[in-house]
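Please consult the sequence and the structure shown here.

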Amino acid sequence: MMRFRFDPTPEQRAGLRAQLERLQQPGAMLELLRPALPADFEPDSVRCTVRKSHSDRFVMRAQVRSRGGAERAYALKVYSDDLGQRVWEHAQALAAHHRPNGGRVCLPIRYLPHEHTLVFPWVDGPFLSKIVDDRKLELLRQAAGLAAELHRLPIVPEQLTTAETPVEETRLRCDRLRRRWPEMTDVVAPLLPAIEEAVTALDPAEPAPVHGDMAAGQFVWTGDSLVLLDLDMFGYTDPAYDAGHFLAQLERRCVTDPTLPPHAARWVSCFREAYLAAMPQVSPRNVSFYQGLTLVNKMYTLCRKQMPDWPRLVPRLAARARAALEAVAVSGQPR
């Protein structure tokens, strides 16, 4: 099933920190990368940059220069456990159906099991989340189309994840939120019964391969096409999960960022309409459910990150979550 949480052991954390320190040394990086380089590419030097670091994984950019002056850039994702092996196997299944001239998913080119490391080609360009100008609406439609392409693939990457699994994860987050920020108890309390009522009203769904963490920040615009990154949370479930998650992330941005342009008010409806037009078999009711569920989870994220003005923003996010969950139970909501 989809992996929503992972808490590495102290030994895994320490090993990952040591690996991060080691791979910032050019010699160690070149040694690691050599099996992934083309046979005719003789490396001479490498520049290493840490891009992200978490307790269970980190991402580095490696810019390799050959003796002839050619350059190649790679992204290395290093894990504290064997999740990279699972992602690699899933990527191989995706590669069998990959359409080079259609929507693009960035797939790893190599897995190095002894290093728990996936090697990817580096994708240059801004994240879709950073683009807020007039290109945004069209790019959101393209993102919806790419999501639909992924959901249509005839693969079963792992055991089915039912709606109860993310619901239980949300219950646990709400419990943690109330323990750590008791002043938010009255905000959170009405949402739990709304979730319990909404989950009973879901439409039957045909499961599909999903990204699991789909958001505008997972798409890069190269200038020619959108590229979808990061398969770590892949799964097999109702495709409405991905669509709802993407919509909730857009909605959170609209709630928390006062600098957005006026057309930001259309972002949510733009993606939703484009996705449902491409995937008419997906239940709009279920999309609303996962949108609401994700918004509840993001309330915890706002509190944990202590974003500016978070005591005011969390209730606003709760109101959006409540509206999405209540839409699920509305009789006659179109399919």
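How much space lies in the second largest pocket?

## The second largest pocket

The second largest pocket holds about 220 Å³ of space. A pocket is an open set of points on a 1 Å grid over the protein atoms alone, where a 1.4 Å probe fits, with protein on both sides within 12 Å along at least five of seven lines; lining residues have an atom within 4 Å of a point. The volume is the space filled by probe spheres set on the points.

The pocket is lined by 20 residues, of which Glu206, Pro207, Ala208, Pro239 and Gln281 are the closest to its centre. By class, the lining has 13 nonpolar, four polar and three charged residues. Ala, Val, Leu, Ile, Met, Phe, Trp, Tyr, Cys and Pro count as nonpolar, Asp, Glu, Lys and Arg as charged, and the others, Gly among them, as polar.

## Basis of the model

The model is predicted: local features need pLDDT of at least 70, side-chain atom pairs count only at pLDDT 80 or more, and totals for chains, interfaces and linings use all residues. Residues are numbered from 1 along each chain as its sequence is written, and side-chain values use heavy atoms, with hydrogens and water left out.

## Helices α10 and α11

Helix α10 (residues 284-305) packs against α11 at an angle of about 165°, and their axes are 8 Å apart. Helices are DSSP runs (H or I, at least four residues) numbered from the N terminus; axes are lines fitted to C-alpha atoms over the stretch in contact, and angles run from 0 to 180 degrees between N-to-C directions. The two helices are therefore roughly antiparallel (over 145 degrees).

The crossing of α10 and α11 is left-handed, meaning that the near helix is turned anticlockwise from the far one by less than a right angle. Their contact (heavy atoms within 4.5 Å) includes Phe289, Leu293 and Met299 of α10 and Trp310, Leu317 and Ala324 of α11. This contact comprises 17 nonpolar, three polar and three charged residues.

## Helices α7 and α11

The axes of helix α7 (residues 191-199) and helix α11 (residues 310-328) come within 9 Å and cross at roughly 25°. The angle therefore makes α7 roughly parallel (under 35 degrees) to α11.

Helix α7 also passes α11 in a left-handed crossing. Leu191, Ala194, Ile195 and Ala198 of α7 meet Ala318, Ala321, Arg322, Leu325 and Val328 of α11. Eight residues of this contact are nonpolar, none is polar and one is charged.

Notes. Parallel < 35°, antiparallel > 145°, perpendicular 65-115°, else oblique.
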